[in-house]
Amino acid sequence: MEKEEYVFQHKYILGLTSLWLYIPLVLNIYENGFTKYNFLLFTCCSISTIFWGYFFLGYFFHRLDNLFAGLLFIFLSYNSKNNNHYILNILTLIFYILAYYYHNKKNNDKVLLYHLLFRIIGYYWTLAIFSNITFNIFIIKTILMILYISKLSKNFEKIKNISGNNLEKNFIAYYNSGIIETLLIISGILFSQIILLEYKKLN
C-alpha cells in the first residue's frame with residue numbers, strides 16, 4: 001500500500017467526527033438566526049471534513065483546515081471572556097500540543113487519542129458558545145460522541161478487513177458512505193433536541 005493503514009484510520013475517524021460541529025451550528029441558527037459566526041463554523045466544519053477525507057497532510061486544504069480551525073479557536077477564546085470558559089481554552093491547547101508532540105514522535109495511537117480529546121473539548125466549547133446547553137445535555141452528547149467514535153473505529157476495522165490491500169483504492173467510497181451515515185445520526189440528535197426545546201417553550 002502507498003499509505004500506511006493508520007493514515008486512513010485517522011482520516012476516517014477525524015474526518016467524520018468533524019461533522020459533529022454541525023450540531024452547534026444548526027442549534028445556533030435555530031435559536032438566533034443565521035449570522036457571520038455561523039458561516040465561520042460551517043466553513044471550519046466543511047473544510048475539515050473535506051481535508052481529512054480527500055486530501056493528505058501538506059495539501060492546500062490542510063492549510064485551509066489549520067487556518068479556519070485557528071480562526072474558530074480565536075473566536076471561541078474571545079467570547080469565553082464573558083462565559084468563564086477559560087478552562088476549555090487551556091484544555092484544548094494542552095491536548096492539541098500533545099497530539100502534535102506525539103505526531104513528531106510517530107506514536108500514532110496517542111496522536112489519535114489526543115486529537116480526539118481536544119476535539120471533544122472543542123465540541124463542548126463550541127456548543128457552550130453557540131447554543132444554550134446545560135451540563136446534563138453536554139454529558140449526554142459527549143457520551144453519544146464517544147460511542148460514535150467507538151463505532152467508527154469498529155467500522156474502520158471492518159473496512160480494512162474487507163478491503164485488504166485495496167484500502168487506499170476503496171477508501172473514498174467508504175468515507176462517502178460514512179458521511180451519509182453520520183449526517184443521518186446528527187439529524188436524529190438535532191431533531192430530538194429541537195423537539196425538546198419546543199416542548200420547554202410550551203411549558
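In the predicted model, Glu181 has a relative accessible area of 29% and is therefore classed as partly exposed, and Lys151, at 31% relative accessibility, likewise counts as partly exposed. The side chains of these two residues, Glu181 and Lys151, meet in a salt bridge with an N to O distance of 2.8 Å. The pair links distant parts of the chain, since Glu181 lies in helix H8 and Lys151 in helix H7, 30 residues apart.

In total, the structure holds three salt bridges. Lys160 forms one with Glu157, the closest N and O atoms being 3.2 Å apart; because Lys160 and Glu157 are three residues apart in helix H7, about one helical turn separates them. Lys160 also forms a salt bridge with Glu5, with 3.7 Å between the closest N and O atoms, and this pair joins helix H7 to helix H1 across 155 residues. Through shared partners, Glu5, Glu157 and Lys160 are united in one network of salt bridges.

The largest nonpolar core has 61 residues, and those with the most contacts inside it are Tyr12, Leu16, Trp20, Ile23 and Leu72. Its largest share, 14 residues, is supplied by H6. With residues up to four places away in sequence left out of the count, Leu72 touches Leu21, Leu40, Leu41, Cys44 and Phe130.

Terms used: Residues numbered from 1 in each chain as written. Predicted model: local features only at pLDDT ≥ 70, side-chain atom pairs only at ≥ 80, totals over all residues. Heavy atoms only, no water. Core = buried A, V, L, I, M, F, W, Y, C linked by side-chain atoms within 4.5 Å. Buried < 20%, exposed > 50% of the residue type's maximum accessible area, 1.4 Å probe, protein only. Helix = DSSP H or I, 4+ residues; strand = E, 2+ residues; numbered from the N terminus. Contact = heavy atoms within 4.5 Å. Salt bridge = Lys/Arg side-chain N within 4 Å of Asp/Glu carboxyl O.
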